[in-house]
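Here is a short report for a reader new to this structure. Please look over the sequence and the model first.

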Amino acid sequence: MSKIKQDVQDALTCIKNGDTVMVGGFGLIGAPLTLIDGLTKKDVKDLTIISNNLGESGKGLGILLNQNKIKKGIGSYFTSNRDVGEKYQKGEIELQLLPQGTLAESMRAGGAGLGGYYTTTGVGTQLAEGKEEREINGVKYIFEQAISADVALIRAHKADRLGNLVYYKTARNFNPVMATAANIVIVEVDEIVETGELSPEEIVTPHLYVDYIVEAQQILTKEGVVSK
């Protein structure tokens, strides 16, 4: 069966109430804006979103936030969207803050089938509260659990028809590691090419990780988010 979906809602059929969803992007860079837009139009609620940040006010995941579809956010940089702080103060959203390196490594561990790992990051801070602490060779570490998700929504530059992915510069960010750590992976791309057109040396995410592909209909430009 073809992985390519012409309709975004068809690709998002697998997402249901209460799911944990990874969403790629650093700010709006490398964010799957078409898939996020599709999710804002889907009747779904109580989502746990794992992402570096929850979009910007009225943009990207920020729209989903203002629709009250997000129950919990797990990420690193929530202050890029002041709406997150306001909802948190009102008790309308739960937040789990992780340093960016810890966030990336926790997803990598989830994709590798590990239960977790020890790190010095966060030792002696509020981020260590309630976490196992262990001394190794005279150094204190805390245990961080691996992170995985029901679905990952990611952004790549190109895909071939099998689902092999290449990325564009820094828009790569968290996307490849998220592709390894979710049960279902949906990717939006700028271009779909024929199998064999991508050089094996440039492929970052092998097709075995990818379930569905859609072409991007919303892109980020200097003027903001625009439709193609």
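## What covers helix α5

The buried residues of α5 are covered by, among others, β1 (20-23), β2 (47-50), β3 (70-75), β5 (116-119), β7 (139-145) and α6 (175-180). Contact here means heavy atoms within 4.5 Å. This is a predicted model: local features need pLDDT of at least 70, side-chain atom pairs count only at pLDDT 80 or more, and totals for chains, interfaces and linings use all residues. Residues are numbered from 1 along each chain as its sequence is written, and side-chain values use heavy atoms, with hydrogens and water left out.

Helices (H or I, at least four residues) and strands (E, at least two) are DSSP runs, numbered from the N terminus. Helix α5 spans residues 100-111, 12 residues in total. From first C-alpha to last it reaches 17 Å, close to the 16 Å expected at 1.5 Å a residue. That expected span is 1.5 Å times one less than the number of residues.

Which residues of α5 are buried? They are Thr 102, Leu 103, Ser 106, Met 107 and Ala 109. They cover an arc of only 160° around the axis, which puts them on the same side of α5. The arc is that of the directions from the helix axis to the C-beta atoms. Buried means under 20% relative accessible area, exposed over 50%, and partly exposed in between (1.4 Å probe, protein chains only). After α5 comes Gly 113, with a positive phi near 80°.

## The sheet beside it

α5 lies across β5 and β7 and runs at about 150° to β5. Axes are lines fitted to C-alpha atoms, for helices over the stretch in contact, and angles run from 0 to 180 degrees between N-to-C directions. Three strands make an open sheet in the order β5-β7-β6, with antiparallel pairing. β5 and β6 (133-136) stand at the edges with a single partner strand each, so one side of each has no neighbour in the sheet. Neighbouring strands of this sheet are turned by 35° against each other on average, direction ignored. Two strands pair if DSSP finds at least two bridges between them. β5 and β7 pair over four bridges. Thr 119 has Ile 142 in β7 as its bridge partner.

## Salt bridges

The whole structure holds 11 salt bridges. Each is a side-chain nitrogen of Lys or Arg within 4 Å of a carboxyl oxygen of Asp or Glu. The table gives some of them.

| Glu 94 | Lys 72 | 3.8 Å |

Glu 105 and Arg 108 are three residues apart in helix α5, so about one helical turn separates them. Glu 105 is partly exposed at 26% relative accessible area. Arg 108 is partly exposed at 38%.

Glu 94 forms its salt bridge with Lys 72. The pair links distant parts of the chain: Glu 94 is in strand β4 (residues 94-97), Lys 72 in strand β3, 22 residues apart. Glu 94 is partly exposed at 44%, whereas Lys 72 is buried at 18%.

Asp 190 lies in strand β10 (residues 182-193) and Arg 155 in strand β8 (residues 149-160), 35 residues apart. Asp 190 is partly exposed at 27%; Arg 155 is buried at 11%. Salt bridges that share partners join Arg 155, Glu 188 and Asp 190 into one network.
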